[in-house]
Amino acid sequence: MDSRKRFRTICLVLFILYVIAIIYFCLLSDIYGRTDVYSDYRYNLIPFLEIRRFLNSILNGGSLSFWDVCVNLIGNVIAFVPFGALIRWVRNQKTGFLIAVLYTFLFSLAIEVTQFFTKVGVFDVDDLLLNTCGGALGYLCYWILRKIDRRRHQNAEKKSQTK
């Protein structure tokens with residue numbers, strides 16, 4: 001197996017493990033109260049409502065702790081960075097920025113809809129925004145690393161040609 005196929009296989013395994021972990025934490029985890037089922041459907045369809053609430057709580061000394069704010073705002077972004085970074089390798093074809101962002105959005109939407117219908121979470125449009133931003137950030141990380149790797153290979157080729 002050549003190094004490129006090996007690398008793709010590793011990315012695919014990491015992606016599968018990542019998806020399982022995200023599904024666990026978003027739908028099943030005791031840590032985030034996912035075993036508690038709400039009696040009614042809960043949702044937020046107003047963009048930036050929860051983001052503002054979390055930020056106002058920190059800035060104005062509200063009831064939410066700094067940790068709660070970090071987990072909700074920063075955690076939702078960071079949690080989806082691997083998705084955006086790995087989706088190109090999982091698809092095994094050229095994947096541009098917009099396609100990676102679209103796949104991230106659709107995966108996040110699937111989780112939010114599942115949380116809504118199973119009543120183990122809240123369908124929150126702000127989570128969709130934050131998760132999608134995380135996927136976009138992950139794709140940008142992939143793109144930057146790819147550029148660095150290409151330059152490294154070009155420099156190595158130039159050195160080998162001059163010898």
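Tutor: A contact here means heavy atoms within 4.5 Å. This is a predicted model, so local features need pLDDT of at least 70 and side-chain atom pairs count only at pLDDT 80 or more, while totals for chains, interfaces and linings use all residues. Residues are numbered from 1 along each chain as its sequence is written, and side-chain values use heavy atoms, with hydrogens and water left out.

Student: OK, which residues is Asn76 in contact with, leaving aside neighbours within four places in sequence?

Tutor: Val71, Asp127, Leu130 and Asn131. Asn76 itself is in helix α3, residues 66-79. Helices are DSSP runs of H or I with at least four residues, strands are runs of E with at least two, and both are numbered from the N terminus.

Student: Is Asn76 buried or exposed?

Tutor: Buried, because its relative accessible area is 16%. The cut-offs are under 20% for buried, over 50% for exposed, and partly exposed in between, using a 1.4 Å probe and protein chains only.

Student: What does the Asn76 side chain have a polar atom close to, at 2.7 Å?

Tutor: The backbone oxygen of Asn72.

Student: Switching to Asp126. Where is it, and how buried?

Tutor: Asp126 is found in helix α6. It counts as buried because its relative accessibility is 1%. Leaving aside neighbours within four places in sequence, Asp126 touches Asn44, Ile46, Pro47, Phe48, Leu49, Glu50 and Ile51. Its side chain also reaches the backbone nitrogen of Leu49 at 3.2 Å.

Student: And how far is Asp126 from Leu145, C-alpha to C-alpha?

Tutor: 29 Å, with the two being 19 residues apart along the chain.

Student: Phe48 was on that contact list. What is its phi?

Tutor: Near 70°, a positive value in a residue other than glycine. Phe48 is in the loop between β1 (43-44) and α2 (49-59). It is partly exposed because its relative accessible area is 46%. Lys119 has a positive phi as well, near 60°, and lies in the loop between α5 and β2 (123-124).

Student: New topic: which residues have the most contacts inside the largest nonpolar core?

Tutor: Phe15, Tyr18, Ile22, Phe80, Phe83, Phe107 and Ile111, in a core of 18 residues. A nonpolar core is a set of buried Ala, Val, Leu, Ile, Met, Phe, Trp, Tyr and Cys residues joined through side-chain atoms within 4.5 Å.

Student: What does Tyr18 touch, not counting residues up to four places away?

Tutor: Ala79, Phe80, Pro82, Phe83 and Phe107. There is also a second, separate core of seven residues, including Phe54, Leu64, Leu73 and Val77.

Student: Last one: which residues lie nearest the centre of the second largest pocket?

Tutor: Arg4, Trp89, Tyr142, Arg146 and Asp149, out of 18 lining residues. The elements giving two or more residues to that lining are α1 (3-28), α4 (81-91) and α6 (125-162), with α6 giving the largest share, eight residues. A pocket is an open set of points on a 1 Å grid over the protein atoms alone where a 1.4 Å probe fits, with protein on both sides within 12 Å along at least five of seven lines; lining residues have an atom within 4 Å of a point.

Conventions:
Polar contact = N/O pair within 3.5 Å; in protein donor to acceptor, adjacent residues only side chain to side chain.
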